[in-house]
Amino acid sequence: YLKWSRLHFCVTLGLFFAVLASLCNSSLSVTKMPLDDSSIPLDGPSYAKFLYYQNHGHSNKINSPDRRVPKERKRSKKQLEYAKLEFKDLKLGKFIGNGIVNIVSLVELPEWYRQHHNMSTTRAFVIKLTPGGEWFVESGNREIEIWKSLGANFTEAKKHRIVPLLWEQRNFTNPFFRNPSLKIPESFPRLQALRLRLSPHLVAQVLPYLHLDYPCREIFSVKSLRRYFKSLLEILVYAHSLGINNFDLKCNNALINVNGYAVITDWNAGKQNGENLFDPTAYLRITAPEGMIERTPDGLPITQTILSAMDIWSVGAMMADIAFRPCRFVMNSKYPEREGYPQNYHLIQELLTSLGGETTIPISKDKTLDLAALVNWNSSLHTEFEVPLRKSAASFEKCNLKHDQFERLKDATEQDWRDLRSLLQKALKVSPSERPDAASLLKHRFFQTT
């Protein structure tokens, strides 16, 4: 009996330790949370951080990327429902503004979506609606791809104030199309409401609402001018490194935050290599000479060959337009609608006379065009570099720089004027091959001065 009791005790003890070891192993057998695109949808507000953690081998749990969880994790019906936010779930709010491509208004997200993504109830959002035909829809879809590329590296996106794309829906049937029963907010201008009613398709993008200080045209000091354009060029360095250009830099698209830094809020006009540079809807004041011509006399389009060139010209044109007000950078105000490229010849002639330099531009990888010959410009008309300014936006009368210099920038010195003039002389080259890239322009003395 004694031997049997000892044997029974040993067997029982052995079984106890075996069970204990099994429990320990199962508790330690954990892994990082598997990719679960229902709990954190790719089109959700965590998109930039999601890609950042995924690319760096972390979990897609945003708030605690290294958190360890049980190996198996079932998806609930509620989680699957959260990933299906659609345009019909959104509520349009106050109209904010519009461009050629987009209509922008405040938008209210559904409560269940806010709760799932831990969004503050006081946080505001805007929606960019792209209504219209094939060209507009393509433009809206391209902007979505650009937002995602710019936001893929979370650290760089945050550093350069890239506005995160929170949600998107592409090329879907417009519920407002010829449907008067669906109410559009009363704050929408009649023309924009009608535009929504008559567009069969929509592209929608939801972004955080930015509380901005003032538009860039309201810069009144050299310090503010320097800070704004330095930060703008830093964004361009980042974008150009990813093969992205903006092609539409102006005060309405490159805004200023409360600290005086640039925030680019529109990327729908970017061009890819080989695309036609001429855009009948473009803003002439920031359009470089190579973008003013629809086709050569031989019928060839002018295509994108140098990624950064148009943006660098736009930066120079914006600086001149802001710094020397009330004088304004030249614009073809006589033909604002640009019905055809010959109407721009006299504007190109004016630019050549003021700027001088190389007049040959590339029209493709292996072909060039001489603008001077195209517009019958006499090179003897150019004597020295001048910033091409007029008395006002609607005037053709030249502005006297020596008399009107820095009337707006009260803190400017003579050295500031020389540095800015030197900077503009580099940025405003007629030939895109002569313009420096954004990184080189940042090294200019104007931006090194404290």
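**View 1. A charge over an aromatic ring, with Arg226 and Phe446.** In this predicted model, the charged end of Arg226 sits over the ring of Phe446, at 4.7 Å from the centre of that ring. Phe446 also forms an edge-to-face aromatic pair with Phe447, in which the centres are 5.3 Å apart and the planes stand at 80° to each other. Phe446 has a relative accessible area of 1% and is therefore buried, since buried means under 20%, and Phe447 is likewise buried, with a relative accessible area of 3%.

**View 2. An aromatic pair formed by Trp313 and Phe329.** The count of aromatic pairs comes to nine, and one of them joins Trp313 and Phe329 in an edge-to-face arrangement, with 6.3 Å from centre to centre and 75° between the planes. This pair links distant parts of the chain, because Trp313 lies in helix H9 (residues 309-323) and Phe329 in strand E10 (residues 328-329), 16 residues apart. Trp313 is buried, with a relative accessible area of 0%, and Phe329 is buried as well, at 2%.

**View 3. A cluster of rings from Phe87, Phe172 and Phe176.** Ring pairs link Phe87, Phe172 and Phe176 into a cluster.

**View 4. Strand E7 and its pairing with strands E5 and E6.** Seven of the eight residues of strand E7 (residues 201-208) are buried, so this strand is largely enclosed by the rest of the structure. Strand E5 (residues 125-132) pairs with E7 in the antiparallel sense over eight bridges, while strand E6 (residues 167-173) runs antiparallel to E7 and is joined to it by five bridges. Val206 in E7 is the bridge partner of Ile127 and also of Trp167.

Methods. Residues are numbered from 1 along each chain as its sequence is written. This is a predicted model: local features need pLDDT of at least 70, side-chain atom pairs count only at pLDDT 80 or more; totals for chains, interfaces and linings use all residues. Side-chain values use heavy atoms; hydrogens and water are left out. Buried means under 20% relative accessible area, exposed over 50%, partly exposed in between (1.4 Å probe, protein chains only). Helices (H or I, at least four residues) and strands (E, at least two) are DSSP runs, numbered from the N terminus. Two strands pair if DSSP finds at least two bridges between them. Rings of Phe, Tyr and Trp (its six-membered ring) pair if their centres lie within 6.5 Å; planes under 30 degrees apart count as stacked, over 60 as edge-to-face and the rest as tilted. A charge sits over a ring if NZ of Lys or CZ of Arg is within 6 Å of the ring centre and within 35 degrees of the ring normal.
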